[in-house]
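I opened my notebook for a first look at this structure. Here is what I looked up, entry by entry.

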Amino acid sequence: MPYLDHNILIACDSKKDRLSFFNYFDGQQASQIFTASDMDQVMDILDAEDKIHVLVIEISPRWLKGKGQIETIHAKQLGIKIIGVFAETIQVDSNAFQTLDAWIDDSYFSPISENELTARMELDTKKISQHEVAKAKVVQMETLVKLIIPASAFPMFLFDVSEASICHINEQLLLLTGQKEKDLIGAGYQQLAAYPDKIDNKTINSLINEKGSVKLDFELSSNQVSKSKVFVSLTLQSIYLDGRPYYWGQLENISQSVFYSQFVKKLKEFQSLDFSSSHVEDDMSDLVKWTGVDFLFAVKKSSASTYDDLVWDYSKDNMCELFIKAKHEFIGRKIQDSNSLEIEYGAFRQIPGDEFIKFYSVNSLMVYRCVIDKDSDILLVAGGNHLRLDWEPTTLLFSELADHFAKHMAFTALKASHESESRYDVLTGLINRRYIVKTIEKSMFNPKNQDAFKALVFLDLDRFKIINDSLGHDVGDSVLISVANGLKKYVSQYGVAARYAGDEFLIWFNNVKDKAAVQKIASQILEAVVYPIALDNGSELKITVSMGIAYYPEHAKTVGHLIKNADTALYDAKLKGKNRYSEYTPSQEGESAKQLEEMEKNLSYAIDNDQLDVYFQPKIEAATEDIMGFEALVRWEHPELGIISPGLFIPLAEQTGLIHKIGYLVLHKSCQRLKRWQDEFGLMLTMSVNLSPLQLSDSKLIERIKQVIQYTKIHPQYLDFEITESEKFENVADALKVMRKIVDLGCTLSIDDFGTGHSTLEYIRKIPAKTLKIDQTFVKNIGLSPDDEAILDATIDIAKRVGHKIVAEGVETEEQRHYLAAKGCEYFQGFLFCRPLPASDIKNILTERAQLLSQAG
């Protein structure tokens, strides 16, 4: 044993090389084996120890890098043997290599296998002098050709640069390439590649001359060993042997990493697959080809409770036909328990009595159940006998495909829901604003019903805003549902009722005899509505409504004009004390115009004289349940008329152009408050301010936002603007440009009331928003409607996929909070936490919060 009782010092970064040398010297029964973590420690050990016989040291900028260091090492330890290990990443030219190689006793190239090390070390027993340079070069050539290359666990070859051909190879290279020795010797290393023309020899030679080595990845030329494609990484190292230049080539099979890279790419492709796209057939056919499955199809459970309704089929030879005809009792039991069934081998042996499995002798089988609701229960079935991929990535790919398809189904349900909402109001079940307009138009111009008596009633709840704000949205919803049920009861025989907006309803009578009949039904509605509504807490609530009536064609001959006149009559009823109906008369026009003019003056006066106040509703961070910001909400308390609902004065402001003044006022006040609270309480709170679609058409909007930011000295990242989906955009393209300018200022955008707008699915893609606020109509049915929950889940999933954060509005129960938190909603807003409050009350809340934290600390 040549290294018996020797002291060894190993100094290199590669753990694998360190272990290889340690195991070798340990097997040689070396006396002591030291390791060093850096060059300073190497020198310390050389100084401290009487005798170090062998130094194994990495040749790299961090370790050994020059002749001077070698001389210092020899001065510290006379007769020391230096074994240099050239690091994989070292950049050294041929001249530098020859200089270093002449001053060290032996050299290796990282990584080093233990077999290679053992073979090389055997030369020590031959006592060959490494200081006889000419002789050493011959020994190195013999060592490389007879010992290192054959013994290496890596596929290797030696390339003669002068002859431009491979001159020596090892068995591992033949095994990897599947080629014969006679085909490789004398050929260029480029011929190893499937596409040799893509290897730029000129560039490679230049890089090797400059850096000493180069690495390139490519696909191996086809061979008989593997039916799959093989990808390799080739490292070419410049060396000089016997005075001639060579490239020492080493190949590493990287097929697995290339596969997983392709796999991840495929996985991402199919996670974003659009099943409604015209390209889906090509994408699915590509999946079948890439994975090697024989069949891939989806079948839906029919009314007969069997999966016999074909959804799609991308199998070879329409294999789904037999699946639909056959019985699948075993599969049915398994998927009911776990929603999936995966069998890697021998499905035809494990599944008894299944004609489909038996007929095709199915070896590998994957079945996934995609369920959204009772009407959407679908099986995704895939499998075959000669899968190309390993089982784990195959099942991962198809399970993800099934999950994505289930989300697509939920997304489709969401779209269907929006289409349904384009006709019906979700809360009340009445037809909605758009459809009532279409219904009236159709009835007006129906030749068969042209001469029939017709009337339109505009109904509005009295003081509904106060009920909603003081008792909560749940109570408000109960009131709206109660009124809607009353309308269904009294109207259904004579016409149709619709929820027009908020607490406004329209009733279209097209099956009544005369005005007296309309007046009678209106009186019945007034009497029925005043009957107390029972609340969940056992108390009762009394409400009243006001109505305006306009007759067709007496009062108007178009839908818009008829609604306007009915609204004028409604306003007249309100002025006369509410809880009554009023029929339209032309004289009301002048009165109404005067009243609107008076209201506009009052609103303008309120703006100029600080009668408009800003209330703030906290937004709560789901993870900490702490306040992270506020939404600013405008309020108007008239000195004589009391609190006036934003539902009344905001439309007036938009109609008269005062919305720009109000918007600027709210923005200025809310930013001032935000800055004050940030400074006083040391909290980086955010402020959300609503932007009317009409404000986005204001050419001065961006400049006004800049002025407020500069005046209040708030950082724009804490200012958020909420954009409601709306048809009021004068020009969508221009509005989007303004939104982008707001974002360029450093502010953020949120999509408000998501799910209630006219083009929800388009807006989420176009508006440069970071946050999406889910409308309370989706939140309130949590725990009550599985279908609505599925739609809510799909909505959240869509938002997450495009990188939006989620704010859930109208959170009023613990059940809603837990559900939304579990689904990944980041923020909450609702009466469960806090109702909208004036600034003084918000300050009290923040003060109490600070006191509690100081006590806890």
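Entry: I began with Phe-630, which is buried at a relative accessible area of 1%. For this I used the cut-offs of under 20% relative accessible area for buried, over 50% for exposed and partly exposed in between, with a 1.4 Å probe and protein chains only. I kept in mind that this is a predicted model, where local features need pLDDT of at least 70, side-chain atom pairs count only at pLDDT 80 or more, and totals for chains, interfaces and linings use all residues. I also noted that residues are numbered from 1 along each chain as its sequence is written, and that side-chain values use heavy atoms, with hydrogens and water left out.

Entry: ring pairs. I counted rings of Phe, Tyr and Trp (its six-membered ring) as a pair if their centres lie within 6.5 Å; planes under 30 degrees apart are stacked, over 60 edge-to-face and the rest tilted. That rule gave me 22 aromatic pairs. In one of them, Tyr-3 and Phe-25 have ring centres 5.1 Å apart and planes at 90°, so I wrote down edge-to-face. Tyr-3 lies in the segment before β1 (7-11) and Phe-25 in helix α1 (residues 15-27), so the pair links parts of the chain 22 residues apart. Helices (H or I, at least four residues) and strands (E, at least two) are DSSP runs, numbered from the N terminus. Both Tyr-3 and Phe-25 are buried.

Then I went back to Phe-630, whose ring centre is 5.1 Å from that of Trp-677; the planes are at 50°, so this pair is tilted. Phe-630 sits in strand β24 (residues 627-638) and Trp-677 in helix α24 (residues 659-681), 47 residues apart. Trp-677 is buried too, at 2% relative accessible area. I also found a cluster linked by ring pairs: Phe-295, Phe-297, Phe-323, Phe-356, Phe-359 and Tyr-360.

Entry: charges over rings. I looked for NZ of Lys or CZ of Arg within 6 Å of a ring centre and within 35 degrees of the ring normal. Arg-704 has its charged end over the ring of Tyr-664, 5.7 Å from the centre. Arg-835 lies over the face of Phe-831, at 4.6 Å from the ring centre.

Entry: the whole chain. I noted 31 helices and 32 strands. Of the 857 residues, 51% are buried.

Entry: Which strand does β17 pair with? I found that β17 and strand β18 (residues 504-509) pair in the antiparallel sense over 6 bridges, where pairing takes at least two DSSP bridges. Ala-501 stands opposite Glu-504 in β18. The hairpin has 2 residues between its strands, and Gly-502 has a positive phi near 55° there. In β17 (residues 495-501), 5 of the 7 residues are buried.

Entry: cysteines. How many disulfides are there? Taking a disulfide as two cysteine sulfur atoms within 2.5 Å, I got a count of 0. For Cys-747, the nearest cysteine sulfur is that of Cys-671, 8.1 Å away. Cys-747 is buried at 4% relative accessibility.

Entry: backbone notes. The peptide bond from Tyr-552 to Pro-553 is cis, with omega near 0°. Pro-553 lies in the loop between β21 (545-552) and α21 (559-575). Lys-713 is not a glycine, yet has a positive phi of about 65°. I marked Lys-713 as exposed, with a relative accessible area of 64%.
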